Amino acid sequence: MSEQDDQLREMAAHRGLKLVKSRRRKPGGDFGRFGLKDAKGEAVFGFDKDRLVATATEIEDHLRGDTRETWGKSAGSVKARPKPKPAPAPKPKPRFKVKVDNLLAKLPAARRAEAFTELFARPGIRVERIVSRGQATPEAEPMVQDGDEWVLLLEGAAGLRIEDSDEVRLGPGDHVWIAAGQRHWVTWTARDRPTVWLAVHLG
């Protein structure tokens, strides 16, 4: 066995393969040709039916990972390497950045007076956050508004009375509709924690 054969055999062994070399000298035979088999004895490269067809150079190129796709088409048992998948196209950059605020973050102390923060205003609608802490509406000074109001209590606790009705207690998640012109009173709000309202004014 030649030095080249020894080198190819060693390269194949490093990849878990076995080098096969034909010694058949009959006319039309495959003398001097090579093939590769795996550990189970299955043909991996250089076989065409019952013949060996690969040259020493082709075996070396295959073991070095440089076998061309055309070789797979010429040898029946050799499969062409799949083409690498193209890299995914980069995602387009967003056209604007969404600004996220939190109604319950950085609340004003509101110990001396209620704190009003306008969140949104358009013709016919206005949305505001109200933070209370112990405040109440004086009995002699009821609140009366020109437009309808929908109010949601987000945090804390409060009492509310609308004219001609009994007082109701509000907790987180409770909401009330107050019609335009209705007198109403916030009878109390929690003193030990902020009470946060979301008020939507219509009209």
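Let's begin at Gly41, which sits in the loop between E2 and E3. The structure you are looking at is a predicted model, and its chain has three helices and 13 strands. Of its 203 residues, 33% count as buried. Here is a guided tour, one topic at a time.

- Gly41 is partly exposed, since its relative accessible area is 40%, a value between the 20% and 50% cut-offs.
- Asp48 belongs to strand E4, which covers residues 47-48.
- With a relative accessible area of 24%, Asp48 is also described as partly exposed.
- Between the C-alpha atoms of Asp48 and Gly35 there are 9.5 Å, while 13 residues separate the two along the chain.

**Helix H2 and its buried face**

- Helix H2 spans residues 56-63, and Ala56, Ile59 and Leu63 are buried in it.
- Looking down the axis of H2, you would see its buried residues fall within an arc of 60°, so they line one face of the helix.
- What do the buried residues of H2 pack against? Their partners are helix H1 (3-14) and the strands E1 (18-21), E2 (34-37) and E3 (43-45).
- Just after H2 comes Gly65, with a positive phi of about 80°.

- Is strand E9 largely enclosed or open? Five of the five residues of E9 (residues 158-162) are buried, so the strand is largely enclosed by the rest of the structure.
- In a regular strand, side chains alternate between the two faces of the sheet.
- In E9, Ala158, Leu160 and Ile162 point one way, while Gly159 and Arg161 point the other way, and all are buried.
- One partner of E9 is strand E10 (residues 168-170); the two pair in the antiparallel sense over three bridges. Here Ala158 stands opposite Leu170 in E10.
- Strand E12 (residues 184-189) is also joined to E9, by five bridges, and these two strands run antiparallel. In this pairing, Leu160 is found opposite Val186 in E12.
- E9 and E10 form a hairpin, with five residues between them.

**Two residues with a positive phi**

- Most residues other than glycine have a negative phi, which makes the next two worth a look.
- Asp164 lies in the loop between E9 and E10. Its phi is near 65°, a positive value in a residue other than glycine.
- Asp164 counts as exposed because its relative accessibility is 82%.
- Lys106 has a positive phi of about 50°, although it is not a glycine. You will find Lys106 in the loop between helix H3 (69-74) and strand E6 (115-122).
- Lys106 has a relative accessibility of 84%, so it counts as exposed.

**Arg129, a charged residue on the inside**

- Arg129 is part of strand E7.
- Is Arg129 buried or exposed? Its relative accessibility is 9%, so Arg129 counts as buried; the cut-off for buried is under 20%.
- Arg129 and Thr117 are twelve residues apart along the chain, with 5.1 Å between their C-alpha atoms.
- Leaving aside neighbours within four places in sequence, Arg129 has contacts that include Asn102, Leu103, Phe116, Thr117, Val196 and Trp197.

**The largest pocket**

- The largest pocket has a volume of about 250 Å³.
- Of the 18 residues that line this pocket, Glu114, Ile130, Met143, Glu149 and Val186 are the closest to its centre.
- Which strand gives the most to the lining of the largest pocket? That is E7, with three residues.
- E7 (125-132), E8 (148-155), E12 and E13 (195-202) each supply at least two residues of the lining.
- The lining residues divide into nine nonpolar, six polar and three charged.

**The chain as a whole**

- Among contacts between residues at least 6 apart in sequence, 53% join residues at least 24 apart.

Conventions. Residues numbered from 1 in each chain as written. Predicted model: local features only at pLDDT ≥ 70, side-chain atom pairs only at ≥ 80, totals over all residues. Heavy atoms only, no water. Buried < 20%, exposed > 50% of the residue type's maximum accessible area, 1.4 Å probe, protein only. Helix = DSSP H or I, 4+ residues; strand = E, 2+ residues; numbered from the N terminus. Pairing = 2+ DSSP bridges. Arc of directions from axis to C-beta. Contact = heavy atoms within 4.5 Å. 1 Å grid on protein atoms, 1.4 Å probe; cavity = no way out; pocket = protein on both sides within 12 Å on 5 of 7 lines; lining within 4 Å. Points joined across faces, edges and corners; volume = space filled by probe spheres on them. Nonpolar A, V, L, I, M, F, W, Y, C, P; charged D, E, K, R; others polar.
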